[in-house]
Amino acid sequence: MKHLTLALCLFLCTACAGIALSEQSDQLVTKTSRYGMEETLTRLRTALQGMGINLVAEVDHAKAATGNGLTLRPTHVLIFGNPLVGTRLMQADQRTGLDLPLKLLVWENENGQVYLSYRTPHALQQDYKLQNEKAVLDKMDKVFEKLSTAVQE
């Protein structure tokens, strides 16, 4: 009986962990870049410009860490958007301004591999009243796909 109870507990814990992982992976996307950090950043900036999207800011977390006597592998956040797109979401639910403009994390692991990570725009529907904004969220999702393609070619 003890083995059956233990097996059942293990099964439930594994099932719950799988559910939590799939929920997170539905929202958080990580993709590999074929390039080093500088080339990846250059390609992403060029792709944004080519799509007519404003690069609002770029945060260099590693530089900030170094300035405070800490070490961090290369880690950048690109903050970008287009008011013609994002404003529509804020008109539907002004609180989306907390998550806009969009952000893309570009980071390097301990082996020098560069990755892109971002939250899917559709994840915004969980926190905000955006039921009628599927087309806008789809458009934002396509931007992330194009950016990913720019560093995977």
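**E133**

I started with E133, which sits in the loop between β5 (114-119) and α5 (134-150); helices here are DSSP runs of H or I with at least four residues, strands are E runs with at least two, and both are numbered from the N terminus. This is a predicted model, where local features need pLDDT of at least 70, side-chain atom pairs count only at pLDDT 80 or more, and totals for chains, interfaces and linings use all residues. Residues are numbered from 1 along each chain as its sequence is written, and side-chain values use heavy atoms, with hydrogens and water left out.

Is E133 buried or exposed? E133 counts as buried because its relative accessibility is 9%; buried means under 20% relative accessible area, exposed over 50% and partly exposed in between, with a 1.4 Å probe and protein chains only. I then looked up what E133 touches, leaving aside neighbours within four places in sequence, and found R88, L89 and A92. Contact here means heavy atoms within 4.5 Å.

**Aromatic pairs**

I found 3 aromatic pairs in the structure. Rings of Phe, Tyr and Trp (its six-membered ring) pair if their centres lie within 6.5 Å; planes under 30 degrees apart are stacked, over 60 edge-to-face, and the rest tilted. F80 and F144 have ring centres 5.7 Å apart and planes at 70 degrees, so I logged them as edge-to-face. F80 is in strand β3 (residues 75-81) and F144 in helix α5, so this pair ties together parts 64 residues apart in sequence. Both F80 and F144 are buried. W107 and Y115 are stacked, because their ring centres are 4.7 Å apart and their planes at 25 degrees. W107 is partly exposed, at 24% relative accessible area. I also noted a cluster of F80, Y118 and F144, linked by ring pairs.

**Strand β1**

β1 (residues 28-32) has V29 and K31 on its covered face, and L28, T30 and T32 on the uncovered one. β1 pairs with β5 in the antiparallel sense over 5 bridges; DSSP must find at least two for strands to pair. I traced L28 to its bridge partner in β5, R119.

**Helix α2**

Which residues of α2 are buried? I get M37, T40, L41, L44, A47 and L48. They sit on the same side of α2, because they cover an arc of only 130 degrees around the axis, taken from the directions from the helix axis to the C-beta atoms. Their cover includes β2 (54-60), β3, β4 (102-108), β5 and α5. Turned away from that buried side are the exposed E38, Q49 and G50.
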